[in-house]
Amino acid sequence: ANEVFQMNNFITTLHEIEVASTENAITVTDKFENINGREFIAKLNVAHDGDKTGSHWIRTALCLDATKKCKPRNKENTESLARLVVIDGERSINANGEEIEGAPDPLQVSEILRVNDIGHILYGSYSHYTGGKGNRYRILLIAKASYNKEQLLPTAECVVSLINNGLAKLGFELLAYAKENGTWAQPWYYPRKPANSLMDVLYFEYLEGDTIGIMDPIELPAEGYSNRRNYQAKADEISPIHAFNEQKNLADALLHYGYKRVLSTKEYEKWLAPDSSSGVA
C-alpha cells in the first residue's frame, strides 16, 4: 500500500482503454457507443463552444445488448472494471477547514502531479468559463491495472491526498473532495465553453508520466468506537478531562504538532504525520 504510485506509461495505457461516449444531452441515457482511448483523447483536446449540456462520457465501457449496442447508462449496465480515474475540481478547503467556491490553481495542481511523475490530463469544465465560481476542472488519470467499484473511492482519495500534500507544503488552499469522484457511472461532460467567453481554454496535459496505483478499502472502526476509558466525575467535583476536552479542538492540536489535513469528506478526514516518509495520510 505504501508503493502508491507505480511505474507504467500513461499515454500508452490511455490509448488502450475503452469508454462509453455520446453526443447527446445528459438526460439521454440510451445513445452511447463504446470508443477506444485514441478517439477519446481526440475529443478532449477541443473545448467546443456551446451550451453546457451535450456530449459526455463515463469512466469505462457500457455492457452490450443482444444486438451489440450499448445498454442504457446506469450503474448496473456499466462494466465492473475500469482504468480511468477522474477527479472533480470545483471547491477548495481554506485554512479554517471550510469549503469555498473554486478549486485550487490548476497550473499548480498539474505541476504537483508532474513532480510526482503522474500522467494526467486537466481540462476546464463549462462553469470555469462562466465567471464567479473560480477554477473548475476535471483531472483524468490512469490506474496501473483494472480496478473495481470498491477500489475506486480509496484510489480517488489517495490522489486528492497526494495533491493536497503538495498544496499544503506550498501554503495553498486544499482541493475539496467531490462525491462524484467515487460515483461509478458518473457522466462527465467533454470540454465545452460558452460561445461568448473571452477566457483562455484551460487545458494541461502530461502524457509522458506514469499510471497510478490502486488502493484497497480500509476498514474503519464502527461509529462511536473509542478505546478511552470514560471518566465519571462525582457530583461535587469538576472533571479536568472533560474541562480540557471542552476547551481544546482536536484539529487545532493536530495542526499545532505539525500534522496536515490532506482530505476532508462528510464522513472523515485524513491527516498526514509531520515525519511521514510515504506521503500516505
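Two residues are in contact when heavy atoms of theirs lie within 4.5 Å of each other. In this predicted model, Pro 191 touches Lys 43, Leu 44, Val 46, Ala 47, His 48, Tyr 123 and Gly 124, leaving aside residues up to four places away in sequence. The protein chain as a whole has 281 residues, of which 43% count as buried, and it is built with 6 helices and 15 strands. The points below begin with the chain as a whole and then turn to particular strands, a helix, single residues and charged pairs.

**The chain as a whole**

- The C-alpha atoms of the protein chain fill a box of roughly 75 × 45 × 35 Å, taken along the principal axes.
- The protein chain exposes about 15700 Å², and carbon and sulfur atoms supply 48% of that area.
- Among contacts between residues at least 6 apart in sequence, 72% join residues that are at least 24 apart.

**Strand E1 and its partners**

- Strand E1 covers residues 18–22, and because 4 of its 5 residues are buried, E1 is largely enclosed by the rest of the structure.
- E1 is joined by 4 bridges to strand E2, residues 33–36, and the two run antiparallel; within this pairing, Ala 20 has Asn 34 in E2 as its bridge partner.
- E1 is also joined to strand E4 by 2 bridges, again in the antiparallel sense, and here Ser 21 stands opposite Trp 57 in E4.

**His 56 in strand E4**

- His 56 lies in strand E4, which covers residues 56–57, and His 56 counts as buried because its relative accessible area is 0%, where the limit for buried is under 20%.
- The side chain of His 56 reaches the backbone oxygen of Gly 54 at 2.8 Å, and a polar atom of the His 56 side chain also lies 3.1 Å from the backbone oxygen of Asn 24.

**An open sheet of three strands**

- An open sheet is formed by 3 strands in the order E7-E6-E10, with antiparallel pairing.
- Strand E7 (99–101) and strand E10 (174–175) stand at the edges of this sheet, and each has a single partner strand, so one side of each is left without a neighbour in the sheet.
- Strand E6, residues 91–93, pairs with E7 over 3 bridges in the antiparallel sense, and Ser 92 has Ile 100 in E7 as its bridge partner.

**Helix H4**

- Helix H4 runs over residues 149–169, and its 21 residues should span 30 Å at 1.5 Å a residue; the C-alpha atoms at its ends are 31 Å apart, which agrees with that expectation.
- Of the 21 residues of H4, 16 are buried, so the helix is largely enclosed by the rest of the structure.
- At the start of H4, a side-chain oxygen of Asn 148 comes to within 3.1 Å of the backbone nitrogen of Glu 150, while Gly 171, which follows the helix, has a positive phi near 80 degrees.

**Two residues and their surroundings**

- Pro 191 lies in the loop between strand E11 (188–189) and strand E12 (192–193), and Pro 191 counts as buried because its relative accessibility is 3%.
- Pro 191 and Gly 124 are 67 residues apart along the chain, yet their C-alpha atoms are separated by 6.6 Å.
- Arg 38 is found in helix H2, residues 37–44, and Arg 38 counts as exposed because its relative accessible area is 54%, where exposed means over 50%.
- Arg 38 and Glu 18 are 20 residues apart in sequence, and their C-alpha atoms are 9.2 Å apart in space.

**Salt bridges**

- Side chains of opposite charge can pair when their charged atoms come close, and a search of the whole structure finds 9 salt bridges.
- One of them joins the side chains of Arg 136 and Glu 90, with an N to O distance of 3.4 Å; this pair links distant parts of the chain, since Arg 136 lies in the loop between strand E8 (120–124) and strand E9 (137–147), Glu 90 lies in the loop between strand E5 (82–89) and E6, and the two are 46 residues apart.
- Within that pair, Arg 136 is buried at a relative accessible area of 7%, whereas Glu 90 is partly exposed at 25%.
- Another salt bridge joins Glu 99 and Arg 91 at 3.1 Å, N to O; Glu 99 is partly exposed at 39% relative accessibility, and Arg 91 is partly exposed at 28%.
- A network of salt bridges links Asp 88, Glu 90, Arg 91, Glu 99, Glu 101, Arg 136 and Arg 138.

Conventions:
Residues numbered from 1 in each chain as written. Predicted model: local features only at pLDDT ≥ 70, side-chain atom pairs only at ≥ 80, totals over all residues. Heavy atoms only, no water. Buried < 20%, exposed > 50% of the residue type's maximum accessible area, 1.4 Å probe, protein only. Polar contact = N/O pair within 3.5 Å; in protein donor to acceptor, adjacent residues only side chain to side chain. Pairing = 2+ DSSP bridges. Expected span 1.5 Å × (residues − 1). Areas by Shrake-Rupley, 256 points an atom, 1.4 Å probe, with all protein chains shown as cover. Salt bridge = Lys/Arg side-chain N within 4 Å of Asp/Glu carboxyl O.
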